[in-house]
Amino acid sequence: MAEERTIPYKIYLSEDEIPKQWYNVRADMKNKPAPLLNPGTGEPMSYEDLRPVFCDELIKQELDNDTAYIDIPEEVQNFYKMYRPSPLVRAYCLEKALDTPAKIYYKFEGNNTSGSHKLNSSIVQAYYAKKQGLKGVTTETGAGQWGTALSMACAYFDLDCKVYMVKVSYEQKPFRREVMRTYGASVVPSPSMDTAIGRKINADHPGTTGSLGCAISEAVEVATTNEGYRYVLGSVLNQVLLHQSVIGLEAKAALDKYGVKPDIVIGCAGGGSNLGGLISPFMGEKLRGENDYRIIAVEPASCPSFTRGKFAYDFCDTGMVCPLAKMYTLGSNFIPSANHAGGLRYHGMSPVLSQLYHDGYMEAISLEQTSVFEAATQFARVEGILPAPESSHAIRAAIDEALKCKETGEEKTILFGLTGTGYFDLVAYEKFNNGEMTDFIPSDADLEESFKTLPQING
């Protein structure tokens, strides 16, 4: 619907307005996320327990449930200035195409070489690894955004980078793999035959296309058996959501410049990094009783941890070597279908977001990928950005909410996260354009079989 454009298409903060502190939403949570448990003893993991796996300073951030604001190191701030602040965009063209009274905004995180929001945390984790004097780090990656971002960060700090990439994404997205290699990372399809856990997974699941849970197991094994290495993760963990809070802090600051308050905040949900980062300051206000927002997590129907999972302690990895986390999970043995939103193919969800969802502070929906790509195509044609498949889940939900406004005449303000670009996801777009894309939804029987692998832990 036509409107005088008193708000610009793109709202930029100045360089001086880039956040100098991360916001830790756990500080405002009445019910804190449950602690990580030692898989051997069932006891809460301490700082010393976690030292063989994670960098020292990152462990402190992981365990800190009480400090609301944590200073961003100056060297990280300076790196952020290369691509931040990222734009907040008013989607005037999409609004017009939908003929909706809704006002739609999106926070675009794809304006860096990695093509996604993942660089916000990878540079932090590489910084602390270098500060600790480590040789290098290991990690997993699904669609490749995290692996790409980490390879860039490791190149910046001259660290070795070993990436285990989910096999189906390794095969579907060869060009993202080559970006990682260009930045000096070694990239191995997972499950591989290079690790004991990889060999076991291949034996137990012949021909498997892999999963993030498999790749995590391999990366952790390599980190803990090679001196001078630590494991780093691009999602799920408390520390990652902390680093990604720059997304929400910038988005809120940009909206505040024009006195705009969103009614609905929408993010795609795989492990939780994008969603947690985007909603953090809005959720903080909601927790403190200062404002109310409708917050929606959007996940793929093929991997519906929020909407069909169980809130329970589970292994974070398929190999069952990582700490146990209390989260919404489909079971660590669950291997999702080879859908094209590789970054959302994880069996569990961030413990922080899981607790918030469990306590009723946000809602969740699941969507089939053909409808998601329909929305992605419509968005690309009117807004001029080819979105990543992961982000397109949020786009689909935002469009649906805007169309509801068209039906009711309500002028709601919608904010969603556009986590990155889809230029390395053209195999997925090709399948959609050729009419070859299919939808796979696990049956109740499939999920019940996976739930049988959940560890029997009270709490």
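Are arginine 90 and glutamate 95 buried or exposed? Both are buried, where buried means under 20% relative accessible area, exposed over 50%, and partly exposed in between, with a 1.4 Å probe and protein chains only. Before going on, a word on the basis: this is a predicted model, in which local features need pLDDT of at least 70, side-chain atom pairs count only at pLDDT 80 or more, and totals for chains, interfaces and linings use all residues. Residues are numbered from 1 along each chain as its sequence is written, and side-chain values use heavy atoms, with hydrogens and water left out.

Back to that pair. Arginine 90 and glutamate 95 form a salt bridge, with the closest N and O atoms 2.6 Å apart. A salt bridge here is a side-chain nitrogen of Lys or Arg within 4 Å of a carboxyl oxygen of Asp or Glu. The structure holds 26 of them. Another joins lysine 286 to aspartate 292, at 3.6 Å between the closest N and O atoms. In that one, lysine 286 is buried at 18% relative accessibility, and aspartate 292 is exposed at 52%. There is also a network of salt bridges that links Arg84, Lys107, Glu109 and Glu250.

Next, helix α2, residues 56–63. Helices (H or I, at least four residues) and strands (E, at least two) are DSSP runs, numbered from the N terminus. Lysine 60 and glutamate 57 meet in a salt bridge of 3.6 Å, N to O. Why are lysine 60 and glutamate 57 separated by about one helical turn? Because they are three residues apart in α2. Lysine 60 is partly exposed at 46%, and glutamate 57 is partly exposed at 31%. Asp56, Leu58, Ile59, Gln61 and Glu62 of this helix are buried. The buried residues of α2 pack against β2, α1, β3, α5 and α11.

Now strand β5, residues 103–108. Six of its six residues are buried, so β5 is largely enclosed by the rest of the structure. Lys103, Tyr105 and Lys107 point one way, and Ile104, Tyr106 and Phe108 the other. Strands count as paired if DSSP finds at least two bridges between them. β5 pairs with β4 in the antiparallel sense over three bridges, with valine 89 opposite tyrosine 106. β5 and β15 run parallel and are joined by six bridges; there, isoleucine 104 stands opposite isoleucine 414.

On to the cores. A nonpolar core is a set of buried Ala, Val, Leu, Ile, Met, Phe, Trp, Tyr and Cys residues joined through side-chain atoms within 4.5 Å. The largest has 38 residues, of which Phe306, Leu353, Met362 and Leu415 touch the most other members. The elements that give two or more residues to this core are α11, α12, β11 and α14. Apart from it lies another core, of 36 residues, among them Ile70 and Val124.

Last, some backbone details. Most residues other than glycine have a negative phi, and most peptide bonds are trans. The bond from arginine 84 to proline 85 is cis, with omega near 0°, and proline 85 is in the loop between α3 and β4. Serine 190 and proline 191 are also joined by a cis peptide bond, with omega about 5°. Aspartate 158 has a positive phi of about 55°, lies in the loop between α6 and β7, and is exposed at 61%.

Conventions: Contact means heavy atoms within 4.5 Å.
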